Amino acid sequence: MPAKSKLGQNFLRDAQAIARIAAALGDLSGRTVLEIGPGHGAITDALTARAAHVTAVEVDHELATLLRVRFAAEKLTVVEQDVLQFDFTAAAAATGERLRVAGNLPYYITSPILLHLAEHHAALELAVLMVQREVADRVCAEPGSRDYGLLSVTVQMYGPVEKLMTLPPGAFSPPPEVHSTVFRWRFAPRFAELDVEEASFLRLARQAFAQKRKTLANNLRAAGYSPATVTAALAHAQIDAQARAETLPLESFAALWRCLQAGAATATGDAAAPAC
Ligand code: SAM
């Protein structure tokens with residue numbers, strides 16, 4: 001069956017990499033694992049050998065049909081669905097535990113999948129994901145590095161990430177045009193610890209990174225904050241007035257969020273303003 005490039009079908013054929021992906025999920029005995037995009041079942045095979053059960057979400061009808069023939073129903077449930085519509089929260093509730101997730105992701109929707117997982121973070125324990133190398137570089141980047149940006153801040157606010165291995169195009173059939181990197185993401189959201197509110201913090205991060213060449217202060221002013229509010233919030237958060245968002249660790253973003261909230265609350269006479 002020819003691979004469908006529009007579905008990001010580059011099938012992994014490196015046995016060592018498959019074994020390492022399965023091992024990176026930890027002890028799976030007695031557990032249900034969730035796999036995104038099982039394809040022909042290369043990773044699925046290793047997962048079914050280690051876990052009590054695998055639930056695999058595959059959008060391609062022909063592949064889903066082949067998988068149901070290849071694997072016993074007691075070991076594998078194939079959900080024929082777009083993973084972006086898949087309800088991880090309901091799946092975790094059905095198993096009674098937070099899920100471990102594996103996937104050699106379809107690269108054309110990598111960011112939407114990462115954001116979808118973040119949305120369901122409470123249902124998830126960890127994920128071991130293969131993505132395009134450049135995306136893994138951005139996800140795992142440290143503040144001040146070339147690759148640090150909105151994707152790094154967003155993903156890392158939901159828990160620590162670490163790169164595990166990088167594979168050349170030849171590890172896949174058909175080979176993609178890019179290298180691929182596997183990273184592990186442990187879900188441990190930092191919003192409560194950093195005393196920020198999730199939705200408005202992520203909005204601030206989007207505003208801060210809106211234009212890469214602008215300073216943080218300019219991006220905030222462009223987002224509608226008054227110059228005085230921006231100057232005061234940066235000073236209180238101990239952030240250089242000329243700083244760019246690319247240099248700020250999560251703790252500084254959180255301090256900035258708190259100071260902007262405190263400034264807004266003071267301006268409106270709200271006594272319940274958060275400490276800045
Ligand atoms: N896991 C297999 C492997 O490593 O050989 C296949 C990985 S391949 C890179 C990506 C898989 O995701 C394909 O099987 C593709 O059909 C499936 N896929 C593409 N878009 C999808 C979507 N929106 N929802 C679920 N699966 C999708």
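1. Helices here are DSSP runs of H or I with at least four residues, numbered from the N terminus. The model under review is predicted.

2. Overall make-up. The protein chain holds 11 helices and nine strands. Its C-alpha trace spans about 65 × 40 × 30 Å along the principal axes. The chain has 276 residues, of which 49% count as buried.

3. The ligand takes up the space of the largest pocket. Strand S1 (11-12) and strand S3 (53-58) are the elements that give two or more residues to the shell around the ligand. By residue class, the shell divides into 13 nonpolar, seven polar and four charged residues. There are 24 residues around the ligand, and those that come nearest are Gln9, Leu12, Gly37, Glu58 and Tyr108.

4. Gln9 places a polar side-chain atom 2.9 Å from an oxygen atom of the ligand. Asn104 also has a polar side-chain atom 2.9 Å from an oxygen atom of the ligand.

5. Asn104. This residue belongs to strand S5 (residues 99-104). Does it count as buried or exposed? The relative accessibility of Asn104 is 13%, so Asn104 counts as buried, the cut-off being under 20%. Besides its ligand contact, the side chain of Asn104 reaches the backbone oxygen of Asn10 at 3.4 Å.

6. A cis peptide bond. The bond from Ser173 to Pro174 is cis, and its omega is near -10°. Pro174 sits in the loop between strand S8 (172-173) and strand S9 (180-186).

7. Positive phi at Asp195. Asp195 is not a glycine, yet its phi is positive, at about 60°. The residue is found in the loop between S9 and helix H8 (198-208). Its relative accessibility is 45%, so Asp195 counts as partly exposed.

8. Positive phi at Gln238. Gln238, again a residue other than glycine, has a positive phi near 60°. How does Gln238 count in terms of relative accessibility, buried or exposed? Gln238 counts as exposed because its relative accessibility is 74%, and the cut-off for that class is over 50%.

How values were computed: Residues numbered from 1 in each chain as written. Predicted model: local features only at pLDDT ≥ 70, side-chain atom pairs only at ≥ 80, totals over all residues. Heavy atoms only, no water. Near = heavy atom within 4 Å. Polar contact = N/O pair within 3.5 Å; in protein donor to acceptor, adjacent residues only side chain to side chain. 1 Å grid on protein atoms, 1.4 Å probe; cavity = no way out; pocket = protein on both sides within 12 Å on 5 of 7 lines; lining within 4 Å. Sits in = over half its atoms within 2 Å of the grid points. Nonpolar A, V, L, I, M, F, W, Y, C, P; charged D, E, K, R; others polar. Buried < 20%, exposed > 50% of the residue type's maximum accessible area, 1.4 Å probe, protein only.
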